Amino acid sequence: MSIYTTGKTIVSLLYPLLKAVQVYDVNNDVVINSAKKFIDFIEAQFSTISSLEFVRYRDYIFFNKQRLKYEIDSYANLTFLNNLLKNLRIKSITFLPGVNHQEIIDFADIFKADKVTFLKQFVLKRYPHIKVEFVKAGEEPDELMEESEFTKRTYFKALKVTKNMMQNLWTGRPVDVKSSRRIVYSLVDSISRDEFGIIALTTIKNFDEYTFNHSLNVGILALALGQRIGLDKKSLARLGTSGILHDIGKVEIPKELINKIQKLTDQEWETLKLHSNFGVREILKTRGLDDIAMFAITVAYQHHWNFDGTGYPLRDKHEDPTLFSRIVRICDSYDAMTTARAYQPVPYLPHFALRVIWSNQNRLFDPVLTKVFSQLLGIYPVGSCLELNSGEVGLVMRQNPSTIDLPIVKIIVDRDHNKVDGRTIDLAMETAIKIVRPTYPQIYGINPAAYFL
Amino acid sequence: MKDEVDQIILGLTKAFKALQMYGMNHSSFRNFYLPFSEKMVEFLKKYNQLSLQIDKFTMLHDNRVVYKEEEMDLSVAFKLFKDGVRNVEFIGGLTSDELLLFLDVISQPSKEYDIALGLWECNFSHITFYVVEEEEVLDYRIPDVPVEYVDYDEKLKQLILREKIDIDAVIIPDLKPDEVKNLMKNISDTERELILPMVIKTLTDFLHTERSQEVIEGLIEILESCVNREDFYNARRIAYKLRDYPEINFIERFENATTVMGFRDVLNIPQNELFNEFLAFIGFFSKKSIPFLMQLMPFTERTDRLSALRHRIAYVAQDDPAPIAEFLQNTDRDVLINAIAILGIMKASGAKSLLEPLVFHPDEKVRLEVIESLGSIKQPELVAKYLTDPSKEARIRALRILGKLKYPQVYPVLLDKIRDKNFLNLEFAEQREYFNYLTANADHNLVQIFKNLLFKRKWFGRKKYRVMRRLAAMGLAQIADDNALEILKKGMDKRDKDIKAACEMALRGKSA
């Protein structure tokens with residue numbers, strides 16, 4: 001069993017135990033049985049692993065240094081554990097060989113307490129085979145910076161590769177397939193290391209180079225959604241590439257048509273719709289028919305197919321879009337809505353775009369994927385500007401996986417409407433601060449993306 | 001430790017070379033691989049990791065050169081180095097499968113293959129590697145945003161109107177168990193690569209919009225890969241679409257001896273569905289492929305499949321007997337028989353003249369097939385020639401076909417024959433075919449003739465004559481007009497046990 005699977009399994013066994021002690025007495029069979037299952041499993045692990053360490057870091061749970069990803073089958077367990085550790089200010093828990101049934105039950109029992117009582121009881125009761133480390137005030141590990149640098153480097157390199165690829169197609173020059181493949185793998189690595197970090201970079205929009213940023217952003221959002229539903233690395237690479245290449249057919253559409261501000265005529269609209277077809281040809285030209293291209297071809301062709309059977313190009317009644325096409329359909333719409341373009345100078349606010357998607361599930365979008373997408377981005381997606389009851393404006397920096405309507409925000413405008421480099425607030429923890437409503441960053445001359453660089 | 005590392009590197013070198021030379025399934029490779037794998041696992045149990053630094057032509061362990069090979073195609077170090085791999089680390093817990101996969105990746109012969117990506121895709125649990133990328137200065141400036149007043153409430157109103165959404169709708173994105181289950185199934189379908197039919201559909205749909213050379217070439221590429229993998233279901237779907245483009249001879253690339261003879265395994269594959277898909281696919285072949293298909297056919301073990309294949313080749317020949325006729329001189333009996341059978345199936349106008357010279361072929365099996373084919377192309381006068389054939393089987397078959405064809409010209413001859421005293425010396429199967437023929441070609445006198453045969457008084461040879469009574473009774477039962485049935489009923493009342501038994505049996509057989 002890999003470290004990752006071991007970690008996931010332990011969390012899945014810890015979850016019912018911690019839940020059980022909140023409801024039942026420690027002598028109840030439910031608690032005893034849950035504890036037994038847990039202890040049996042971890043005892044078996046000690047034959048190959050010397051200690052079992054869980055670290056909570058920036059809303060991620062790491063097991064023996066491997067990050068446990070939020071996937072649909074582990075989402076509830078991980079968010080519960082993350083929330084619990086966060087509330088109790090616990091940085092890490094380590095189980096050592098020799099830990100026994102009673103020790104586990106006693107330990108689980110103190111999780112019912114608030115953070116002060118927990119600390120007291122932990123010190124009083126003494127657990128010889130369980131180590132707990134608490135978060136110190138103002139603790140900000142160096143890794144935070146390192147991770148963010150890697151993520152940024154990956155994003156901008158990916159942007160450059162995407163731009164080169166599309167420009168080469170426009171001008172009929174050969175495309176560097178190797179670079180484009182490698183960059184997708186870097187994005188997959190980046191997503192698996194810090195999904196919130198790279199999602200934050202999708203707030204980078206560029207009016208003049210919409211197509212490049214949009215293509216990359218769709219690729220990233222698709223990867224994040226793909227990871228959340230538990231796709232393996234190979235599938236993620238296929239999905240990421242498909243996301244990046246979904247609009248590649250636009251290289252065959254006249255630029256003046258793409259950038260037209262006025263309403264398109266029927267004929268122009270029909271021409272624009274052909275980009276789905278052209279995408280197929282462009283991918284064939286660029287990549288031939290390798291394994292990944294097969295997926296990209298279907299996504300390029302189907303990314304305007306709606307969940308209810310409508311959309312373009314026309315299709316047979318029994319034909320459903322592939323999983324990847326349904327993922328890209330959502331990500332494409334979200335990024336398009338939240339980006340300023342010639343005919344849409346003021347983009348949709350992220351939270352509004354999400355609501356549009358939510359309201360159109362079953363009609364335009366796959367309802368299950370819509371739910372997962374909403375879990376991923378939260379009610380106020382990263383990059384949203386929020387007016388707070390303190391009179392300040394906060395920028396959503398990351399999601400709280402356990403409380404999707406209470407994100408972590410950075411104060412960027414003070415109550416006198418001055419731009420500031422303010423403090424970071426976890427709205428799930430600082431309950432006195434409430435969201436009044438989302439707001440437009442343009443009002444303050446703010447580009448949210450600047451705060452993620 | 002030094003010696004142990006050296007031994008592992010030696011093992012790696014040998015296994016790598018063996019894999020390049022023989023491939024993974026060859027025993028020689030296994031002979032090199034297994035000891036290498038065992039040594040590696042033992043080493044990792046003892047030391048938990050083995051880290052190798054990669055240089056252009058060398059590998060280093062603890063800053064000591066442990067491997068050197070300057071021949072690019074043979075150098076493990078160079079293969080890794082050229083794709084940017086600078087360090088490889090094997091970690092305790094490494095399995096033999098992982099090591100095998102690692103070797104497989106690094107021994108890929110194509111120069112285009114990216115080893116770093118190959119290793120990445122393997123998603124190893126116990127092998128890590130470090131890849132250097134080209135360092136680039138990535139300068140990116142976030143565009144400035146001018147201050148612009150946006151009336152939030154007004155904008156919101158506009159958007160709600162435009163999007164027709166309920167802005168206050170509660171978002172509860174929890175998944176229900178059945179939703180999770182369906183999604184998981186969807187993911188597993190995606191991972192099982194059920195994408196190919198969808199790609200084919202996409203590309204063929206594309207061709208409805210416009211004729212694109214890239215798309216057609218793409219389809220041909222998929223077609224080739226399907227044929228190589230014996231995926232005739234998808235191959236057939238592509239071929240069906242490409243038929244719309246007669247100027248592209250997409251099938252020509254498969255019409256050669258190597259490809260066609262490569263289908264040998266498919267002929268005897270257990271699944272009928274797969275065989276039928278194969279049959280459907282070769283329906284797209286042209287006459288050019290017939291020589292190869294003819295050579296392929298004798299490998300078919302099942303008679304039903306052989307028959308289906310003959311029909312398919314007849315279809316491929318498109319009523320033109322010429323390409324099949326070439327095989328009528330073939331010395332291989334199976335090929336010759338197949339050619340004769342296909343001519344029969346084709347029912348082509350020139351088939352008679354092609355088959356006629358074979359009527360008296362010395363080989364009985366060949367003659368039997370000729371009779372069948374002559375029957376198929378309705379040439380009873382040639383079939384009739386077999387009534388005196390030395391082979392009983394040939395005679396029986398000829399009688400059967402003549403019966404089916406209702407060829408009255410030999411009727412008087414055969415009638416005389418059954419009246420001949422030597423008729424009783426023939427075997428029952430042949431005797432029966434005579435009666436079948438007569439019944440099938442019956443004239444108004446036959447009932448009376450059968451009646452006479454049935455009721456004939458025999459003082460000597462009664463026992464031998466029983467069979468004549470039975471056949472006559474059966475003939476009457478087959479004719480089954482009022483008169484014939486009346487005779488049989490009367491026969492039931494006869495005191496002669498043989499007559500009674502024959503009539504009883506015939507009537508019972510009829511009612512059954």
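At what angle do helix α9 (residues 210-228) of chain A and helix α10 (residues 233-245) of chain A pack, and how far apart are their axes? Select the two helices in this predicted model and look: the angle is about 150 degrees, and the axes are 7 Å apart. Angles over 145 degrees count as roughly antiparallel, so α9(A) is roughly antiparallel to α10(A). The crossing is right-handed.

Now show the side chains where they touch. On α9(A), pick out Ser215(A), Leu216(A), Val218(A), Gly219(A), Ala222(A), Leu223(A), Gly226(A) and Gln227(A). Facing them on α10(A) are Ser235(A), Leu236(A), Leu239(A), Gly240(A), Gly243(A) and Ile244(A). Colour this contact by residue class and you get seven nonpolar, seven polar and no charged residues.

Next, hop over to chain B and select helix α1, residues 2-22. Its end C-alpha atoms are 30 Å apart, which agrees with the 30 Å that 21 residues should span at 1.5 Å a residue. Highlight its buried residues: Val5(B), Ile8(B), Ile9(B), Leu12(B), Ala15(B), Phe16(B), Ala18(B) and Leu19(B). Among the elements covering them are α2 (27-47), β1 (49-54), β2 (58-61) and β3 (64-68) of chain B.

Last stop: the interface. Here 51 residues of chain B are in contact with 59 residues of chain A. On the chain B side, select α5 (115-122), α6 (152-163), α7 (177-191), α8 (195-209) and α9 (213-228), which each give two or more residues. α8(B) gives the most, with nine. By class, the chain B side divides into 30 nonpolar, nine polar and 12 charged residues.

Notes: Residues are numbered from 1 along each chain as its sequence is written. Chains are lettered from A and ligands numbered from 1 in the order in which they are written. This is a predicted model: local features need pLDDT of at least 70, side-chain atom pairs count only at pLDDT 80 or more; totals for chains, interfaces and linings use all residues. Axes are lines fitted to C-alpha atoms, for helices over the stretch in contact, and angles run from 0 to 180 degrees between N-to-C directions. Helices (H or I, at least four residues) and strands (E, at least two) are DSSP runs, numbered from the N terminus. Angles under 35 degrees count as roughly parallel, over 145 as roughly antiparallel, 65 to 115 as roughly perpendicular and the rest as oblique. A crossing is left-handed if the near helix is turned anticlockwise from the far one by less than a right angle, and right-handed if clockwise. Two residues are in contact if their C-beta atoms, placed from the backbone, lie within 7 Å. Ala, Val, Leu, Ile, Met, Phe, Trp, Tyr, Cys and Pro count as nonpolar, Asp, Glu, Lys and Arg as charged, and the others, Gly among them, as polar. The expected span of a helix is 1.5 Å times one less than its number of residues. A residue is buried if 20 or more other C-beta atoms lie within 10 Å of its own, exposed if 12 or fewer, and partly exposed in between; C-beta atoms are placed from the backbone.
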